[in-house]
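Subject: Structure handover

Hello,

Here is the structure for your files.

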Amino acid sequence: ETTLAQIISMVKQAQTSKPEIGRLVDKIALVFVPLVIFIALTTSIIWYFFGPQPQLAYALTTGIAVLVIACPCALGLATPIAIMMGTAKAAEFNILVKNSDALQSASSLTHLVVDKTGTLTLGQPVVTDMIVEDMEDFNSAGLSRENSLLQLAASLENKSEHALAQAIVIHAQERELELLPVRQFQAVQGRGVQGEINDKPVILGNARFMQENGVLLSTNLQQQAQEFASSASTVVWLAREGRLLGFMALQDPVRDDTPEAISKLVNNGITLVMCTGDNQFTANAVSHALGIREVHSEVLPEEKLNLVKSLQSKGHRVGMVGDGVNDAPALAQANTGFAIGSGTDVAIENSDITLAGNSLMSVSTAIGVSKATITNIKQNLFGAFIYNIIGIPLAAGVFYPFTGWLLAPAFASAAMAMSSVTVVANANRLRFFKDTD
């Protein structure tokens, strides 16, 4: 039941599963074996009736040589040995591949849908500013207007698990503010939270949540909020009894390695699509700084699934990076779902690849490993087929009338063994895969 045991089980499951290309090879093998037997019998019959003396010896020699030189072992090893090396290498980078199909699908992604908070950013927002509406009855227990605003917000957010909520609570704790009891607490997906404090209804969330509850946002505060949002701050509004109290601005710094990760993904031909519940101005500020052209802001949880479906309907192969319960449907729908390791169990369960870290760099590495693995499989298959295409005619004596060459079964056996050695040696090159590849 330990985490380590689950990781080991996940890696074993991936190593023993077969991707689509592996199942294709199995279908080829079903035809390959009887075809080789047919060629061997045909070769023996032809040499028996039309070969030089002693005809029976030549017939047996060529027939056995064809059977021996055929390389079903190389075909059978081509896929699983590369999968084993690829998944093991991914595990070294703290990337857990749940099934080998994910390796193949990740190698051909064209679009990657990413959230902003916790993926592009650190996921550790901090309160930077508090703007209070000019209200005479706002003071609470002798606190300043800002502390009163913070006390109400933190009391309400204390029951939420959202990253922004935790930032507000931590800020209140730093100011040593006493949190007030909350009744009738409710979290509204994609909007905010609400509850009763001192028998008065209090709501906290985005501007849309305020408007849906009939809270009037003053023009002055809206302009200030827009200025904060344009500088990549997230604005959270607070209202009590339908009256606006003010808002708080929170900053979530972009990860240091995010620009490099985006650059690597773009160089691999992948289009980044930001999908966030944050407001348009904040999303545009972050996307502009990172060079992400396609942005979807103020997106509700169910709309993430629709976005993935929309991209797929246009013929794109879509990857999705998520960490929450709300991301689970989109992760399941995506061609390849990447779950943040620190995310919820539901998100991890519906994903194809689990990342131990929160950085987008891990996604870039996972895609790099998958491409290297699929390329290795194709190289293995090419080598196995080349051995058969050249070896079987040579063993059958096709070139004998022109060159006098006739392959002895002993040499055919050596050639067959070398085909397997070549495949295994090529697969072992994945051990030297580096994150910079």
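Helix H7 (residues 145-157) packs against helix H8 (residues 163-174) at an angle of about 130 degrees, the axes being 8 Å apart. Axes are lines fitted to C-alpha atoms over the stretch in contact, and angles run from 0 to 180 degrees between N-to-C directions. On the H7 side, the contact (heavy atoms within 4.5 Å) is made by Leu-150, Ala-153, Ala-154 and Glu-157; H8 supplies Ala-165, Ile-168, Val-169, His-171 and Ala-172.

The model is predicted: local features need pLDDT of at least 70 and side-chain atom pairs 80 or more, while totals for chains, interfaces and linings use all residues. Numbering starts from 1 along each chain as its sequence is written, and side-chain values use heavy atoms, without hydrogens and water.

An open sheet of 7 strands runs E1-E13-E12-E11-E2-E9-E10 with mixed pairing. Its edge strands are E1 (95-97) and E10 (294-296). Helices (H or I, at least four residues) and strands (E, at least two) are DSSP runs numbered from the N terminus; strands pair if DSSP finds at least two bridges between them. E12 (residues 336-340) and E13 (residues 353-355) run parallel, joined by 3 bridges, and Ala-339 stands opposite Thr-354 in E13.

Regards
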